[in-house]
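Q: I would like to learn how to read a protein model step by step. Could we go through its features together, with the general idea before each case?

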Amino acid sequence: MSGQRTPTPEVLVVGGGLVGLTSALVLRHHGVAVTVVEKRSTTSPQPKARRFHMRSMEIFRELGLAGLVHHAARDLAGHDHMAAGRTLAESEQLPLWHAAGAGGAVVDVSPEAPCLIAQDVLEPVLREAAVEAGATVRFDTELVAFEQHDDEVVAELLDRATGDRSSLRARYVIAADGARSPVRQALGIGRSGRGPIGEPNVNVYFHADLGEVVRGREFNLCQIEHPDSPGALASVDGRHRWVFMGGGNATDRDWPTLLRTVLGVPAPDLEVRSVLPWQAEMLVADRYSAGRVHLAGDAAHVMPPFAASGANTGIADAHNLGWKLAAVLRGQAAPALLDSYHAERRPAGWFAADQSSRRTLNLRDQLSSPDPTLAHHFVLGAGGFQYTEGALAVTPESPNDPEPITEFHPIGRVGTRIPHRWLDQARTRSTVDLAGPGWALLTGPRSPHPDPEHTGLAVHRLDVDFLPSDQSLLIRPDHVVAWRGTDPRAATEALVGLLDGLSSTTEFAGT
Ligand SMILES: Cc1cc2nc3c(=O)[nH]c(=O)nc-3n(C[C@H](O)[C@H](O)[C@H](O)COP(=O)(O)OP(=O)(O)OC[C@H]3O[C@@H](n4cnc5c(N)ncnc54)[C@H](O)[C@@H]3O)c2cc1C
């Protein structure tokens, strides 16, 4: 490695996209010194992802960012409907889909509503927040090589503005360097999955003032059923910015004419900004970690956009990995804890990619005859996926009964995100807020008092329907139930075992 040395971060994040920036925010939340390097000079110029699930918003809530994100998303507030029609001008809003609970009532599933915000609007918010939180964020900086050693990774960086090279040492690396992930390739990590899904597509990003055409039929996605130009129109800001997604791989068509057919109005100010051919794929990295390097986001998994899960799954990767790296770096946990990142997040990535590749863009079909074998909407949207192995204390007293996926009925099973219940009448504080960045022990009203030696564990006595009165739940910093049982002392033993990196299949002392 050559060149000048720069200050030592504890974690180097490669890639300043959505997942890299979220990783930096999570690490700073846990007090970790972090540097992000991004080879581009700006955040994403493309709108790309627009739908951020409740679970991602819960993570932003923990980071103190949910309000900022909702504010930045204000242009698309109220554009939650899907629509369909021969052209935009002839389209109608489809009914909003509300999931009902067992009693038929709309389920209150999360303290945070999902958010429609284009990726090119969200990324600058995350970038500024990461810098404010104390992360070093270097754009125009490319990782060109790296070497792993016993106790550190040495990275070679290229300043693309000046051509200067420098080396940077870090204890760990998060590779959030996108679908092609040069880091994943350098590590020789393969990918498995269905590969290409469906036909090639073209995204045409354009500007046109369509405010008057859209008024009264505001939408997130509008299915265009015109025989000459079928596809879908995505709302980027609800007025001027739009993406048309059509089939085929030809990029040199007469786009203004085709778009005017799609719109069904003259749109005299229409201006095509970019044409991006893409192919939906389902591929998941065979290993999420290699030594001191961990993959996150598209570097670890790519999936079709039809369940809006790509970025959301990457945000959850960052949230899972952040507290584990912090615990190891602080000496509170053994490095073996990091093995649970692959054990938990690879199945989660596979699940999201599999579910996404079994959905299509046909909005009418999805609403009128949803596939009953697919996961419930909220299982994808509210973090309903269950980890079956990893940093979990599974014991006879604390089994991880399987969580159903075709219905959404969370009851605090081991390996799932804690169910949301409001803790105050004003609906400001949720059970989801009780953990993060620390651990929490929730005890039912008749559960024995935990010992004072529960240092570092916030203890909350709760009277909520999912917690039997004599039971306790141990909640990880990422809101996941790690243990449940009747003896809170066993929770301490479980916690110690987890931090020692014992797997869920290990017999814990005292069980
Ligand atoms: C049309 C479309 C619609 C989508 N809709 C949704 C949606 O509604 N919801 C959703 O959840 N997801 C959606 N997605 C997916 C989402 O956009 C991706 O999952 C998300 O961008 C992944 O973020 P990332 O940070 O992992 O990777 P990227 O956004 O690809 O960022 C990786 C970054 O790493 C940088 N980089 C690469 N190599 C290096 C290097 N050597 N050194 C430094 N930097 C490097 C790149 O420049 C890039 O900025 C959509 C995608 C598309 C294309």
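**Strands, sheets and the ligand shell**

A: Helices (H or I, at least four residues) and strands (E, at least two) are DSSP runs numbered from the N terminus, and two strands pair if DSSP finds at least two bridges between them. This is a predicted model, in which local features need pLDDT of at least 70 and side-chain atom pairs count only at pLDDT 80 or more, while totals for chains, interfaces and linings use all residues. Residues are numbered from 1 along each chain as its sequence is written, and side-chain values use heavy atoms, with hydrogens and water left out.

Q: How many bridges join strand 13 to strand 19, and what is the order of the sheet?

A: Strands of a sheet pair through backbone hydrogen bonds, either parallel or antiparallel. Here strand 13 and strand 19 (residues 281–285) run antiparallel and are joined by four bridges. The open sheet has three strands in the order 13-19-22, with antiparallel pairing, and its edge strands, strand 13 (191–196) and strand 22 (301–302), each pair on one side only.

Q: Which helix packs on the sheet?

A: Contact means heavy atoms within 4.5 Å, and angles, from 0 to 180 degrees, are taken between the N-to-C directions of axes, which are lines fitted to C-alpha atoms, for helices over the stretch in contact. Helix 9 (residues 339–357) touches strand 13, strand 19 and strand 22, and its direction makes about 175° with that of strand 19.

Q: How many residues surround the ligand, and which are the closest?

A: A residue is near a molecule if one of its heavy atoms lies within 4 Å of it. For this ligand there are 30 such residues, and the closest are E38, Q119, D298, A311 and N312. Helix 1 (18–29), strand 9 (141–148) and helix 8 (310–329) each supply at least two residues of the shell.

Q: How is strand 9 paired?

A: Strand 9 runs antiparallel to strand 10 (residues 153–159), with seven bridges joining them. The two strands form a hairpin with four residues between them, and Q148 stands opposite V153 in strand 10.
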